[in-house]
Amino acid sequence: MNGEEALKRLLDGNKKYMSGTLAAKDVKKAREATKNGQHPFVTILCCSDSRVPPELVFDANVGEIFIVRNAGNCVDTLTLGSIEYGVEHLHTPLLVVLGHEKCGAVTAACQGNVCPPNIAAIMEKIKPAVDKKGNEGVEQTIVCNLDVVSNEIRRRSEIVRHLEKEKKLKVVEMKYYFEDGRVEIIA
Ligand SMILES: [Zn+2]
């Protein structure tokens with residue numbers, strides 16, 4: 001599977017999710033088939049928000065999506081290491097940075113309130129997007145944050161840069177909407 005095919009599979013899965021009827025899955029069979037190793041087709045960095053579960057949103061089974069999650073879908077060294085594990089070691093041809101509307105982490109960063117130190121570290125990561133688009137509102141900041149994040153991944157990961165250059169990896173930014181469950185390709 002190449003990046004385009006992986007993307008098509010995600011979007012097809014998302015259509016099923018939007019319709020409210022996921023494909024029947026034999027999780028026992030999938031568990032059995034993957035017990036000695038995983039071959040996911042996509043690596044996804046997404047927000048921890050409980051309303052945006054990638055396996056459901058993209059109608060995927062056990063062993064299909066390599067997921068890296070934190071509030072605000074931010075990048076730090078551990079996140080980068082996990083992404084590199086997905087794209088380099090597991091060879092996923094697609095990397096998705098998935099944000100969502102009304103993101104609590106981005107909203108809090110826009111409000112700029114004082115937070116406990118560990119949460120403040122998340123706010124600090126979202127600040128570049130707030131500085132750029134904060135005055136245009138939360139939704140614009142969420143979209144801008146996707147750009148900030150994918151640029152930071154490229155800047156800090158030689159592995160991602162190399163795979164992208166070799167056309168072995170496609171990087172896509174997406175935004176999720178609660179109302180109908182759709183994902184929109186931002187870039
Ligand atoms: Zn969020």
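**Exercise 1. Determine in which sense S1 and S3 pair, and over how many bridges.**

Solution. Start with the two strands themselves: S1 and S3 pair in the parallel sense, and 4 bridges join them. This is a predicted model, so read each pairing as a feature of the prediction.

**Exercise 2. Work out which way the side chains of S3 point, and whether they are buried or exposed.**

Solution. Step one is to sort the residues by direction. Leu 94, Val 96, Leu 98 and His 100 point one way from S3, while Leu 95, Val 97 and Gly 99 point the other way. Step two is to check burial, for which the cut-off is under 20% relative accessible area. Residues on both sides are buried. Step three draws the conclusion: 7 of the 7 residues of S3 are buried, so the strand is largely enclosed by the rest of the structure.

**Exercise 3. Follow the sheet onward from S3: how does S4 pair with S3, and how with S5?**

Solution. Take S3 and S4 to begin with. Strand S3, residues 94–100, pairs with S4 in the parallel sense over 7 bridges. A bridge to look up here is that of Val 96, whose partner in S4 is Val 172.

Now move to the other pairing. S4 and strand S5 (residues 183–185) run antiparallel and are joined by 3 bridges. Tyr 176 stands opposite Val 183 in S5. The hairpin of S4 and S5 has 6 residues between the strands, and in this hairpin Gly 181 takes a positive phi near 80°.

To finish, ask how enclosed S4 is. Of its 7 residues (170–176), 6 are buried, so S4 is largely enclosed by the rest of the structure.

**Exercise 4. Identify the protein donors of the zinc ion and describe their spacing along the chain.**

Solution. First, list the atoms. The donors are SG of Cys 47, NE2 of His 100 and SG of Cys 103, lying 2.1 to 2.3 Å from the zinc ion. Second, write the spacing as a pattern: C-x52-H-x2-C.

Finally, compare with the record. The unreviewed UniProt entry has a "binding site" annotation that covers Cys 47, His 100 and Cys 103. These residues are spread over 57 residues of sequence, yet they cluster in space, with a largest C-alpha distance of 8.2 Å. Of these residues, Cys 103 is included in the lining of the second largest cavity.

**Exercise 5. Find how many cavities of 30 Å³ or more there are, then describe their linings.**

Solution. The count comes to 2 cavities of 30 Å³ or more.

- The largest cavity has a volume of about 40 Å³. Its lining consists of Cys 74, Val 75, Lys 125, Asn 145, Val 148, Val 149 and Glu 152. By class, that lining has 4 nonpolar, 1 polar and 2 charged residues. Helix H7 (residues 138–156) gives the most to this lining, with 4 residues.
- The second largest cavity holds about 30 Å³ of space. Its lining includes Gly 72, Gly 99, Cys 103 and Ile 142. The classes here are 4 nonpolar, 4 polar and no charged. H7 again gives the most, with 3 residues.

**Exercise 6. Describe the largest pocket: what is its volume, and which helix gives the most to its lining?**

Solution. Begin with the volume, about 190 Å³. Then look at the lining, which includes Ala 108, Gly 112, Cys 115, Met 123, Lys 127 and Asp 131. The elements that give two or more residues to this lining are helix H5 (104–111) and helix H6 (117–133). H6 gives the most, with 6 residues. Last, sort the lining by class: 7 nonpolar, 2 polar and 3 charged.

Definitions and conventions. Residues numbered from 1 in each chain as written. Predicted model: local features only at pLDDT ≥ 70, side-chain atom pairs only at ≥ 80, totals over all residues. Heavy atoms only, no water. Buried < 20%, exposed > 50% of the residue type's maximum accessible area, 1.4 Å probe, protein only. Pairing = 2+ DSSP bridges. Donors = N, O, S within 2.8 Å, 3.2 Å for Na, K, Ca; no water. 1 Å grid on protein atoms, 1.4 Å probe; cavity = no way out; pocket = protein on both sides within 12 Å on 5 of 7 lines; lining within 4 Å. Points joined across faces, edges and corners; volume = space filled by probe spheres on them. Nonpolar A, V, L, I, M, F, W, Y, C, P; charged D, E, K, R; others polar. UniProt positions renumbered as here; feature names shortened; annotations may be inferred.
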